[in-house]
Amino acid sequence: MTPATTSGVTTEPVILDAMGLASDPELEVRFAESAHRILADLVSGGAALGWVDPPSRDEVAELLGHVVSAVQAGDAALRAAYLDCRLVGLGYWLRYARPTHRPHADLEKIAVDAAAHGHGVGRALTAALIADAREAGIEVLTLDARGDNTNALHLYRSLGFTEYGRLPDFVAVDEHRYDKVFYMLDFRRKS
């Protein structure tokens, strides 16, 4: 990894794909553990990542194994963000399984360590995954987000996603209810 540095401190994230992770055995071994730490810490802090309680190590390892298998089959992309050789974010998209939806994919679990917020990690991860989807011939990239996740919603809009629907008070976290907001990026449209 050769990031830009200022006084020995990385100024922008290094974004690796699944092949880049697999090419460095040390990174690959630490990836699941570091990903678990990030996801569990974020969920503990109330982040909207699909879990109410922090996921277990085994649950994260199983999820990542599923994503890596899908990457190997050409049905997904996985990206990992590093600052100063430390995993600070991850995200992926998966192609839809239903045969009539196969040209499309869903962007899932963009997660950035709280200590790295404000360093462009989420933008870099999402932009890399968008480029991967375009390169893979995905026609429409979708995502959904919790309605109170205003920073993420702003990021997605700034990268070209448009809202195509909303389910009011759909997401249940204990007694709290939040809108589920649906976004799409249609690569079929000429820019």
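This is a predicted model: local features need pLDDT of at least 70, side-chain atom pairs count only at pLDDT 80 or more; totals for chains, interfaces and linings use all residues.

Residues are numbered from 1 along each chain as its sequence is written, and side-chain values use heavy atoms, with hydrogens and water left out.

**Overall fold**

The protein chain contains 5 helices and 9 strands, where helices (H or I, at least four residues) and strands (E, at least two) are DSSP runs numbered from the N terminus. Read from the N terminus, the elements follow the order β-β-β-α-α-α-β-β-β-α-β-α-β-β. For 191 residues a compact globule would have a radius of gyration near 16 Å, and the 16 Å of the protein chain agrees with this; the radius is taken over C-alpha atoms, and the globule rule is 2.2 Å times the number of residues to the power 0.38. Along the principal axes, the C-alpha atoms fill a box of roughly 45 × 40 × 35 Å.

Of the 191 residues, 42% are buried, meaning under 20% relative accessible area, as against exposed at over 50% and partly exposed in between (1.4 Å probe, protein chains only). Among contacts (heavy atoms within 4.5 Å) between residues at least 6 apart in sequence, 58% join residues at least 24 apart.

**Two helices**

The expected span in the table is 1.5 Å times one less than the number of residues.

| Helix | Residues in helix | Span between end C-alpha atoms | Expected span |
|---|---|---|---|
| α3 | 16 residues | 22 Å | 22 Å |

Helix α2 bends by about 40 degrees at Phe-31, the bend being the angle between axes fitted to the seven residues ending there and the seven starting there. Phe-31 is also one of the buried residues of α2, which include Leu-27, Ile-38, Leu-39 and Val-43. The cover over the buried residues of α2 includes β3, α1, α3, β4, β5 and β6. Just after α2, Gly-46 has a positive phi of about 95 degrees.

In α3, the buried residues are Val-60, Leu-63, Leu-64, Val-67 and Ala-70. Seen down the helix axis, these buried residues fall within an arc of 120 degrees, so they line one face of α3; the arc is that of the directions from the axis to the C-beta atoms. The buried residues of α3 pack against α2, β4, β5 and β6, whereas Asp-58, Glu-62 and Gln-72 are exposed on the other side. Gly-74, which follows α3, has a positive phi near 80 degrees.
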